[in-house]
Amino acid sequence: MLLEVIVVLLIISCSLFIHEMGHAVATVTANKNSKAEIFMGSSSKANKLRLSFGRITCYLTVAISGYCEYSIPKEYPAFTYKQKLFFYLGGPLASLLGFVTLFIASHFISGIAGNIIINSAGANFFLFITSLIPWTYPRLLGGLPSDGLQTLNLVKANRKERKFIT
């Protein structure tokens, strides 16, 4: 029973990491001067495993929530509309890619490992769907707006700005 709980927490954490890496990769590919930080769990950097991949820094722990933030030096222009859209959709796209990859892999691996892989695929698909729903996560899961809500707000603001200009 305890082993199953640990495996489920690790599956959720790995799926979240894939999702947040999608945001981070979108950030560093959209702007050559940007940096990304991934936080699993709280925004604290204490008592977490620190990993760096070029301009991406990760603060990892076993968690059921996470987020990615980007930074651009002040002397460079802020993200454009398309770069922000790419950032917000990078996580769900990574979750979808993780789902497809793990689902296909699960057909070639049997036994307990295959079962873990198919459950990981399911967690990635669940994360893909729930992150696109425009809502604010409960406080237990970080209390932040979902990628879908941030994308919707960005599109609305862009539409309002375009109407104002014309």
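These legends go with a handful of close-up views of a predicted model. Local features need pLDDT of at least 70 and side-chain atom pairs count only at pLDDT 80 or more, while totals for chains, interfaces and linings use all residues. Residues are numbered from 1 along each chain as its sequence is written, and side-chain values use heavy atoms, with hydrogens and water left out.

**View 1. The largest nonpolar core has 16 residues.** A nonpolar core here is a set of buried Ala, Val, Leu, Ile, Met, Phe, Trp, Tyr and Cys residues joined through side-chain atoms within 4.5 Å. Buried means under 20% relative accessible area, exposed over 50%, and partly exposed in between (1.4 Å probe, protein chains only). The members touching the most other members are A24, I38, M40, I56, C58 and C68. Helices (H or I, at least four residues) and strands (E, at least two) are DSSP runs, numbered from the N terminus.

**View 2. Here's I56 and its partners.** Skip the neighbours within four places in sequence, and I56 is in contact (heavy atoms within 4.5 Å) with M21, A24, V25, V28, A36, I38 and L51.

**View 3. Helices α1 and α2 pack at about 145°.** Their axes sit 7 Å apart; each axis is a line fitted to C-alpha atoms over the stretch in contact, and angles run from 0 to 180 degrees between N-to-C directions. On the α1 side, the contact is made by I18, H19, G22, H23, A26, T27, T29 and A30. From α2 come Q83, F86, F87, Y88, G90, G91, P92, A94 and S95. Sort these residues by type and you get 8 nonpolar, 9 polar and no charged. In that count, Ala, Val, Leu, Ile, Met, Phe, Trp, Tyr, Cys and Pro are nonpolar, Asp, Glu, Lys and Arg are charged, and the others, Gly among them, are polar.

**View 4. S120 is found in helix α3 (residues 111-132).** S120 counts as buried because its relative accessibility is 13%. Not counting residues up to four places away in sequence, S120 touches I11, S15 and L102.

**View 5. K45 and E37 meet in a salt bridge.** The structure holds 1 salt bridge, meaning a side-chain nitrogen of Lys or Arg within 4 Å of a carboxyl oxygen of Asp or Glu. The N to O distance for K45 and E37 is 3.4 Å. K45 is partly exposed at 45% relative accessibility, and E37 is partly exposed at 21%.
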